[in-house]
Amino acid sequence: MKRSAALFLLLAASAAQAHDVRQLGAHVHGQATVDLALDQQTLEFALQAPGIGILDFERPSANATEQAALARAVALLKDGRWVTLPTAAGCRLSSSDAKAEGFDATATPPPAGQHRHAGFSATLQYHCAKPAELRAIVVRLPALFPGLHEVIVNSVTPHGQSRSVLTPGNLRVVLAP
Ligand SMILES: [Zn+2]
């Protein structure tokens, strides 16, 4: 998959940030981060979310209900339903991926007395016929997953960089004035 230069810079910056924050305890339950980059006609999203927020557990699923919830979350994150783009922009999903990490029963157990975290990552790539129409988008994660109290969206577009904090009452990300 071709990665845009803008996304590369954004990911490099957020990797550095994540490294800094991790030392202070990065993984925040109920809080997800989305890095968004628009480069010409390519719009990319990279999501990181804790298990507690998307689901209500961070351990191997204990029964069929939890197993189904985990599978449903991965499918939903992968199919792009958590993003709504303006029809006028003519975007189509060109690739996507989603994974659950740390829910595996065979993963190494945490040292005694420590909590092991688990979470999700996902990427979406869209090709947009009219990227100038991408003035505002809707990221529906807090509505789809009520356990997510806050979703931080870091965006890089030809209009510059911005940071939006979404909550169940505000799902909109403004990308252009
Ligand atoms: Zn955790």
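Start by selecting A98, which lies in strand β4. Helices (H or I, at least four residues) and strands (E, at least two) are DSSP runs, numbered from the N terminus. This is a predicted model: local features need pLDDT of at least 70, side-chain atom pairs count only at pLDDT 80 or more, and totals for chains, interfaces and linings use all residues. Residues are numbered from 1 along each chain as its sequence is written, and side-chain values use heavy atoms, with hydrogens and water left out.

Is A98 buried or exposed? A98 is buried, because its relative accessible area is 12% (buried means under 20% relative accessible area, exposed over 50%, partly exposed in between, with a 1.4 Å probe and protein chains only). Now show the residues around A98. Leaving aside neighbours within four places in sequence, A98 is in contact with V74, L77, K78, S121 and A122. Contact means heavy atoms within 4.5 Å. The C-alpha atoms of A98 and F120 are separated by 7.2 Å, though the two are 22 residues apart along the chain.

**The helix across the strands**

Select residues 64–79. This is helix α3, and it lies across β2, β4 and β5 (119–128). Helix α3 runs at about 150 degrees to β4. Axes here are lines fitted to C-alpha atoms, for helices over the stretch in contact, and angles run from 0 to 180 degrees between N-to-C directions.

**The open sheet**

Colour the six strands of the open sheet, in the order β4-β5-β2-β1-β7-β8. Their pairing is mixed. β4 (91–101) and β8 (160–166) stand at the edges with a single partner strand each, so one side of each is left without a neighbour in the sheet. Neighbouring strands of this sheet are turned by 10 degrees against each other on average, direction ignored. Two strands pair if DSSP finds at least two bridges between them.

Zoom in on β1 (residues 31–39) and β2 (residues 42–50). They run antiparallel and are joined by seven bridges. Pick L38: opposite it, in β2, stands L43.

**β3, β6 and β9**

Move to β6 (residues 136–139). Two bridges join β6 to β3 (residues 83–84), and these strands run antiparallel. Select T84 to find its bridge partner in β6, V138. β6 also pairs with β9 (residues 172–174), in the antiparallel sense, over three bridges. Here the bridge partner of A136 is V174 in β9.

**Aromatic pairs**

Rings of Phe, Tyr and Trp (its six-membered ring) pair if their centres lie within 6.5 Å; planes under 30 degrees apart count as stacked, over 60 as edge-to-face and the rest as tilted. How many aromatic pairs are there by this rule? The count comes to four.

Select F45 and W82. This pair is edge-to-face, at 6.0 Å centre to centre and 75 degrees between the planes. F45 sits in strand β2 and W82 in the loop between α3 and β3, so selecting both links distant parts of the chain, 37 residues apart. F45 is buried, with a relative accessible area of 2%. W82 is buried as well, at 0%.

Next, select F57 and F103. Their rings are edge-to-face too, at 5.9 Å centre to centre and 80 degrees between the planes. F57 is in the loop between α2 (51–54) and α3, while F103 is in the loop between β4 and β5, 46 residues apart. F57 counts as buried at 5% relative accessibility, and F103 at 8%.
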